[in-house]
Amino acid sequence: MNDMITRRRFVGLSVAAGATILAGGKILGSTSGTATNPVFKIGGDLEVDRLGFGAMRLTGEGVWGWPPDRANAVKVLKRAVELGVNLIDTADAYGPEVDELLIAEALHPYPKGLVIATKGGNTRPGPGQWVPNGHPDYLKGCVDKSLKRLRLERIDLYQLHRIDPKVPMEESLGAIKEMQSAGKIRHFGLSEVSTAEIERARKVLPIVSVQNRYNVEDRKWDKVIDYCEKENLAFLPWYPVGGGRGVKSAALDAVAKAHQASVYQVALAWLLQRSPVMLPIPGTANIQHLEDNVASAKLKLTPEEWKSLAA
Ligand SMILES: NC(=O)c1ccc[n+]([C@@H]2O[C@H](COP(=O)([O-])OP(=O)(O)OC[C@H]3O[C@@H](n4cnc5c(N)ncnc54)[C@H](OP(=O)(O)O)[C@@H]3O)[C@@H](O)[C@H]2O)c1
């Protein structure tokens, strides 16, 4: 990929050519792959570059324990910020605890404008195991502990990792609302939810973001993205480059070849063009992969290329 302009300069030069910004601050794009706005305001006031970083991959095997090379994990986080990334996604369950501690170790005191999005409500009985817990007292404790580990006074974006089927959603969200009223949470989002669940949650408290599994090859949640776009909610796709398996197809290979890019870069460019509310959070523990992923914000697919991947 031609990488002659820096990401910062590119961001400065870019115009939201494919997105119509309305007077009310809402951004309406299209599902035809024409979104080009470089930034998005989460909750209407937290401006971030749309290409973020997912920190889950920095922990040990099975998202459990400390990484084998802790110094490398710290380096990756620092490099992400150096490259201009200002949205980092994590969760108390990553490690557990380890990921949040690593972020504070690497980046505290945090640079102005860095948004750390964390999550609670998923417990970790062991490596690779995830069990939701949406009990109100448990969730309130999660918020307090994340604040402590991250060394923050307020969490910019707190997300409910999973709705617990054993607890009425309103009870879990009521606890979050209390934490928000106490000033411990700025904005709140959901993870792995349907449109009906988002609408139900919005009756309890404002929702600013949704984090569901989505990538060029896994488009189960297309309708949720359309809903987010209509309502101006951020959509943070997890597994944006296909998770551990990785994205792969002949169509991706062809577009990647045409741009002298990797299929991962093409997959990220595809997501960014999919919707103006899309904030991909690719995860990596590898500095070169991180640099490649950040550079993908500059890669523009033609409408034909975008459609060839959306088929
Ligand atoms: N809300 C949820 O339930 C949920 C669930 C899962 C994840 N998440 C969040 O979403 C973030 C992203 O998901 P993810 O990390 O699981 O999946 P992902 O970003 O789709 O894929 C990460 C994998 O792809 C590899 N990779 C990344 N960039 C690459 C590149 N340029 N070239 C080659 N390989 C590359 C990484 O390996 P290397 O380390 O070798 O680069 C890693 O194994 C997580 O970090 C986490 O913050 C949320």
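Tutor: Before we start, helices (H or I, at least four residues) and strands (E, at least two) are DSSP runs, numbered from the N terminus. Residues are numbered from 1 along each chain as its sequence is written. The model is predicted, so local features need pLDDT of at least 70 and side-chain atom pairs count only at pLDDT 80 or more, while totals for chains, interfaces and linings use all residues.

Student: Which helix gives the most to the shell around the ligand?

Tutor: The shell's residues divide into 10 nonpolar, 13 polar and 4 charged (Ala, Val, Leu, Ile, Met, Phe, Trp, Tyr, Cys and Pro count as nonpolar, Asp, Glu, Lys and Arg as charged, the others, Gly among them, as polar). With 3 residues, the top contributor is H10.

Student: Why is H9 largely enclosed by the rest of the structure?

Tutor: Call a residue buried if 20 or more other C-beta atoms, placed from the backbone, lie within 10 Å of its own. Trp 270 and Arg 274 are among the buried residues of H9. H9 is largely enclosed because its buried residues number 12 of 12.

Student: At what angle do H2 and H3 pack?

Tutor: Axes are lines fitted to C-alpha atoms over the stretch in contact, and angles run from 0 to 180 degrees between N-to-C directions. Contact needs C-beta atoms, placed from the backbone, within 7 Å. Helix H2 (residues 70-82) and helix H3 (residues 98-107) have axes 9 Å apart, and the angle is about 65 degrees.

Student: And what residue classes make up the contact of H2 with H3?

Tutor: Ala 73 and Leu 77 of H2 take part, among others, as do Ile 103 and Glu 105 of H3. By class, that contact comes to 8 nonpolar, no polar and 2 charged residues.

Definitions and conventions: Two residues are in contact if their C-beta atoms, placed from the backbone, lie within 7 Å.
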